[in-house]
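Trainee: Could you walk me through this model before I set anything up?
Mentor: Gladly; have a look at it here.

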Amino acid sequence: MPPHWTLNLNNGLQVNVPAELDNPVTLTLLEYEDWPEPEHAFLRQLIQPGMRLLDADTGLGLDALAMAQGLNGAGQLIALNPDPLFARSVADNGLQAVIQTPTPSQAPAEPVQPAPERAAGEGAYDLIRLGAETPLDPRWLQAAEADPESDPLLMLPNTHPSLPALQAADLDLDLYRLIPALNALVAVAEEADDEKPAILFACRTSRAAWLREQGRLIPTD
């Protein structure tokens, strides 16, 4: 394991980071004792026990650990493409029961690790977090057969190559942006392509209705 520091964050989590002051994640956590991105705070308040989550770009696991903490022991988070230090953070926080890190196959390495397919009867993902280079598997967007209204909420960078496909007729997802002061989402106007924030959210109408019920989506009509 590479040299590392174990940092205690304000939210009660312990995170293992490279022992390098020139590492931007390490430096930010040392300065703020938390991850200051507003989307991180939004995820922490959105997650509820019993959810099934997919972090396809785990890395050091700042978002994954915070989401798993919100499950409060009930639910599941699948963590793909983790940094080697992530496993230690999972153990330090006692989150082994809710975090699953699939073992990569022995086949030639792929750019990113694929998520396991859902077993029969297994619930759909409630939230999927994508990284800039994470391919989007359309199967991840499929609602569970037992609950056709259980569409996921996607979180992704505005540079993600799948962004145009998300708004295509076959997927039909609407785009949203976070309003940090309200900690809620609002629809992104189609004509505002040049003003899209760095992080976007996408979902279908059923998940949008759930977000409104939770007070996490601002109606625009």
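**The sheet and its surroundings**

Mentor: Eight strands make up an open sheet with mixed pairing, in the order β5-β4-β3-β6-β7-β10-β8-β9, and its edge strands, each pairing on one side only, are β5 (99-100) and β9 (184-187). This is a predicted model, in which local features need pLDDT of at least 70 and side-chain atom pairs count only at pLDDT 80 or more, while totals for chains, interfaces and linings use all residues. Residues are numbered from 1 along each chain as its sequence is written, and side-chain values use heavy atoms, with hydrogens and water left out.

Trainee: What counts as a strand here, and when do two strands pair?
Mentor: Strands (E, at least two residues) and helices (H or I, at least four) are DSSP runs numbered from the N terminus, and two strands pair if DSSP finds at least two bridges between them.

Trainee: How many helices and strands are there in the protein?
Mentor: The protein has six helices and ten strands.

Trainee: Which strands pair with β10?
Mentor: Strand β7 (residues 153-157) runs antiparallel to β10 and is joined to it by four bridges, and strand β8 (residues 174-179) also pairs with β10 in the antiparallel sense, over three bridges. A202 in β10 is the bridge partner of L154, and A202 is likewise the bridge partner of L175.

Trainee: And is β10 mostly covered or mostly open?
Mentor: Strand β10 (residues 199-203) is mostly covered, with four of its five residues buried, where buried means under 20% relative accessible area, exposed means over 50%, and partly exposed lies in between (1.4 Å probe, protein chains only).

Trainee: How many bridges link β8 and β9?
Mentor: Four bridges link β8 and β9, which pair in the antiparallel sense, and L178 stands opposite L185 in β9.

Trainee: Switching to pockets, what volume does the largest one have?
Mentor: The largest pocket has a volume of about 410 Å³. Of the 19 residues that line this pocket, W35, E37, L62, D63 and R129 are the closest to its centre. On a 1 Å grid over the protein atoms alone, a pocket is an open set of points with protein on both sides within 12 Å along at least five of seven lines, a cavity is a set where a 1.4 Å probe fits but cannot get out, and lining residues have an atom within 4 Å of a point. Grid points are joined across faces, edges and corners, and a volume is the space filled by probe spheres set on the points.

Trainee: Which elements each supply at least two residues of that lining?
Mentor: For the largest pocket, they are α2 (38-46), α3 and β7. The lining divides into nine nonpolar, five polar and five charged residues, with Ala, Val, Leu, Ile, Met, Phe, Trp, Tyr, Cys and Pro counted as nonpolar, Asp, Glu, Lys and Arg as charged, and the others, Gly among them, as polar.

Trainee: How many residues of α3 are buried?
Mentor: In helix α3 (residues 62-70), seven of the nine residues are buried, among them L62 and D63. Just after α3, N72 takes a positive phi of about 55°.

Trainee: What about cavities, and what lines the largest?
Mentor: The structure holds one cavity of 30 Å³ or more, and the largest cavity is lined by L46, M51, D126, L127, L153, R207 and W210. That lining has five nonpolar residues, no polar ones and two charged ones.
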